[in-house]
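Please look over the sequence and the model below before reading on.

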Amino acid sequence: MTPESQEFLATFVSESYYYWASVFMLVIHVGFLAYEGGASRAKNVLATMTKNLLTLSIVGLTFFFFGWWVYNAFPLFPLTGGIVGPWTDPNAEGTVGEVLALVQASYPWSPALGPNVSDNLTGVFWFAFALFAMTTASILSGAVIERIKVGAYAILAVVLGSFTWVVAASWGWSPFGWFFTQFGYHDFGCSAVVHGVSGFFALGVLINLGPRIGKFDPTGKPRTILPHNLPLTMVGLMLIFVGFYAFLAACVIFVPGQTVEATIYDTPMTLASIGVNTTLALASGIVGAYISSKADPFFTISGGLAGIISVGAGLDLYSPVLVILIAFIGAYTMPFVGKAIEQAGIDDAVGAFAVHGYCGMLGAMAVGVIATGYPQGDGIPLTGFVGQLIGTAVCTILLGFIPGYGVSFVLKKLNMLRVPEAEEITGLDLADFSLRGYPEYSIIEQEEHNGRVSSPMAPVSSGTPQR
């Protein structure tokens, strides 16, 4: 085989790897569609699912126009230089020169993102990061179901999915990011960078959005609002688990010229370890949540996700026994956090803060305790508690809770955040689409009402009242 053929084969293998990992990450969004659709009440199922489709679409577009640039332009800001942009000296050398080359390849008009044969990898990396961005925004989606306006949600999804988490990734999930270069921060599976940011962002939004009508009785005691289709919700979470294997596989760096797989921080790891540790975290998490929730089906299956997120930051560092222990602790404590949030008067419809915010914070900080002293390369500080604390605090508070609370507060003041009370009581499906997700009539009934029913999808006035 000629050197040229070897180079082509190496590039093709890397390109194919990230392409298919990203395609399988789309299963996460199939899962979110089913998970949130099932978790809503029947009167809101179509609105909930449509919101998920818009998440994928809107964040995909905005990540192309500016999110990908943010990831490549922000890693040095603000500690070791300004934002790298077109005003930077094109002859810059060293780290700035390396970063500038990536920035120039991330503009929407860059040939690197277009149909060409000169760059096989930039576009496929954009594809993977775009799926990360969509996933991050979708975490917010479930928390706010059944009462948020679509326009407000779109704004919040763009802020979270194409900016705040991207800044977190630029600082803490990049070989140039100052979390890593200055403090030795380590977050292989994005426990804080994705889940911590999105969970705390959702918490800030929920405070301003308020609970669903009827969630709390006149004394403030929470009532249970059951999913209209719990089996569908459980199937959705199983699909999310499948997509998460691909998500974590896409966190592995394997490009032409490398002889071993590595993390984003260029530390060694293997794809095989992801298979072992992710499976153990999933299994241990389900068991932990099953025990602590006293076999509650929703918390039990959510425990699988809680377990994976709790070990995500150190998934490449931990032995299997440690993975089982940490995942169990995270998932076991997760239901208590979810119930505490509810007792505080916050209506988190799917437990997004407990699963993603709390477990993401726990996962990032666990590295600072269990893997302290891990070497990540020449000139890079050893991992440690302080470094993990700084990165986690910035992700969860500065880039998570504060933007979520601030943007939603402005939207609330502008009367743009929440749907009107009458619309919420009627159901968003009828209010937004003039149809039901489960129309209850037969073909004969439709023929009998043909004079006043314009479409086989239109609601029948004599149908069963909405729950």
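## A nonpolar patch and the residues around it

Helix 13 (residues 385-413) supplies the largest share of the nonpolar patch, namely 3 residues, where helices are DSSP runs (H or I) of at least four residues, numbered from the N terminus. This is a predicted model, in which local features need pLDDT of at least 70 and side-chain atom pairs count only at pLDDT 80 or more, while totals for chains, interfaces and linings use all residues. Residues are numbered from 1 along each chain as its sequence is written, and side-chain values use heavy atoms, with hydrogens and water left out.

The patch lies on the surface and consists of Ile155, Ile207, Tyr405, Phe409, Val410, Leu414 and Met416, which together have about 580 Å² of accessible area. Accessible areas come from the Shrake-Rupley method with a 1.4 Å probe, and for residues only the protein chains shown count as cover. Patches are made of residues with over 30% relative accessible area and no salt bridge, with nonpolar side chains (Val, Leu, Ile, Met, Phe, Trp, Tyr) joined within 5 Å and like charges within 9 Å.

Ser408, by contrast, is placed in helix 13 and is buried, with a relative accessible area of 0%. Not counting residues up to four places away in sequence, Ser408 touches Leu156, Gly204, Val205, Asn208 and Leu417, a contact being heavy atoms within 4.5 Å.

## The interior

The largest nonpolar core has 123 residues, and those with the most contacts inside it are Trp165, Trp173 and Phe247. Such a core is a set of buried Ala, Val, Leu, Ile, Met, Phe, Trp, Tyr and Cys residues joined through side-chain atoms within 4.5 Å. Helix 4 (residues 122-143) gives the most to this core, with 13 residues. If neighbours within four places in sequence are left aside, Phe247 is in contact with Met25, Ile28, Phe132, Gly189, Cys190 and Val194.

## Charged pairs

How many salt bridges are there in the model? The count comes to 7, where a salt bridge is a side-chain nitrogen of Lys or Arg within 4 Å of a carboxyl oxygen of Asp or Glu. The table gives some of them.

| Pair | N to O distance |
|---|---|
| Arg212 and Asp347 | 2.8 Å |
| Lys215 and Glu342 | 2.7 Å |
| Arg418 and Glu424 | 2.9 Å |

Arg212 lies in the loop between helix 7 (191-209) and helix 8 (230-249), and Asp347 in the loop between helix 11 (320-343) and helix 12 (352-370), so this pair ties together parts that are 135 residues apart in sequence. Both Arg212 and Asp347 are buried. The pair of Glu342, in helix 11, and Lys215, in the loop between helix 7 and helix 8, also links distant parts of the chain, 127 residues apart. Here Glu342 counts as partly exposed at 25% relative accessibility, whereas Lys215 is buried, with a relative accessible area of 5%. Salt bridges that share partners join Arg41, Glu146, Arg147, Arg212 and Asp347 into one network.

Technical notes:
Helices (H or I, at least four residues) and strands (E, at least two) are DSSP runs, numbered from the N terminus. Buried means under 20% relative accessible area, exposed over 50%, partly exposed in between (1.4 Å probe, protein chains only).
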